[in-house]
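Please walk me through this model in my viewer. Tell me what to select at each stop and what is there.

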Amino acid sequence: MIGEAEAFAQAELGQDHTGHDWWHTWRVRNTAELIAGMEGADRSICILAALLHDVADEKLNPSKEAGLDKVRSWLEERMEDEARLQHIMDIIETMSFSGGGGRPMATAEGRCVQDADRLDALGAIGIARTMVFSGAKGRPVYDPQTPPRDETLKQEYRDYSKGTAINHFYEKLLKLKAMMNTDYGRRLAEERHQFMLAYLEQFYREWNQGSEA
Ligand code: ADP
Ligand code: NI
């Protein structure tokens, strides 16, 4: 079933180039399995939820409900155990609220998968995804005259017309470390957080080189 879920996710996400491509799912699946091992969570639930989490994404479907229905139907055709199926759907549904806040994860498996998804927004990979996403939305890399906004406000979060890639670090990425669910996830987040701080420092150093004279 894991192999089938991989093929399904690959087919659904193969065309996306704005941060939800198949390789994002591949990394989240692997990191979720790693954290699940450290946390003693059910590995196959974590792997399936990770593989399917972005197939249901609002941005890749006509609506959030349509995305969730697609994943539910897929699972219903293959999974006898209603409780396991519901567990996976709960994880994916809770993750789909990540943008504008939302309820906490109810299970250890959910906490592992959510941490894995958040980790993929951090570090060297997170920086690359932010730049690609910004380019796809027509946002500039940086503008010293555009300060970061409060993106906890839902309408601001999805309004890409204003703001810059560098602002996204302050609006979201640097806040993720404090939101991690698991001890092991937090450790990995800490390392990636430090890398982003070093990156920003170097970015401003290069930006301002020669301008202080
Ligand atoms: P998730 O599905 O993990 O909640 P999103 O769909 O919000 O993530 O974003 C996908 C990728 O694009 C992430 O790496 C994220 O940091 C980046 N991204 C999201 N919103 C913005 C934005 N407003 N500006 C720049 N990058 C963004
Ligand atoms: Ni994701």
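**Stop 1: the nickel site**

Select the nickel ion (ligand 2): in this predicted model, His24 (NE2), His53 (NE2) and Asp117 (OD) coordinate the ion at 2.1 to 2.2 Å. Along the sequence, the donor residues follow the spacing H-x28-H-x63-D. Now show His53 and Asp117 together. His53 sits in the loop between helix H3 (43-52) and helix H4 (64-76), while Asp117 belongs to helix H6 (residues 108-119), so the pair ties together parts that are 64 residues apart in sequence.

**Stop 2: helix H6**

Stay with Asp117 and select the helix around it, H6. H6 has 12 residues and spans 16 Å from first C-alpha to last, close to the 16 Å expected at 1.5 Å a residue. Of its 12 residues, 10 are buried, so H6 is largely enclosed by the rest of the structure. Among the buried ones are Cys112, Val113, Ala116 and Leu119. Show the neighbours next: the buried residues of H6 pack against helix H2 (22-39), H3, helix H5 (82-95) and helix H10 (183-208).

**Stop 3: helix H10**

Move on to H10. This helix has 26 residues and reaches 38 Å from its first C-alpha to its last, close to the 38 Å expected at 1.5 Å a residue. Colour its buried residues, including Tyr184, Leu188, His193, Met196 and Phe203. The buried residues of H10 pack against H2, H6, helix H7 (123-137) and helix H9 (165-171).

**Stop 4: aromatic pairs**

Show the aromatic side chains. The structure holds 10 aromatic pairs. Start with Trp23 and Trp26: their ring centres are 5.2 Å apart and their planes lie at 75°, so the pair is edge-to-face. The two are three residues apart in helix H2, separated by about one helical turn. Trp23 is partly exposed at 48% relative accessible area, and Trp26 is partly exposed at 39%.

Then select Tyr142 and Trp207. Their ring centres are 4.6 Å apart with planes at 85°, so this pair is edge-to-face. Tyr142 lies in the loop between H7 and helix H8 (154-157) and Trp207 in helix H10, so the pair ties together parts that are 65 residues apart in sequence. Tyr142 is buried, at 19%, whereas Trp207 is partly exposed, at 40%.

Note on methods. Residues numbered from 1 in each chain as written. Chains lettered and ligands numbered in written order. Predicted model: local features only at pLDDT ≥ 70, side-chain atom pairs only at ≥ 80, totals over all residues. Heavy atoms only, no water. Donors = N, O, S within 2.8 Å, 3.2 Å for Na, K, Ca; no water. Helix = DSSP H or I, 4+ residues; strand = E, 2+ residues; numbered from the N terminus. Expected span 1.5 Å × (residues − 1). Buried < 20%, exposed > 50% of the residue type's maximum accessible area, 1.4 Å probe, protein only. Contact = heavy atoms within 4.5 Å. Phe/Tyr/Trp six-rings, centres within 6.5 Å; stacked < 30°, edge-to-face > 60°.
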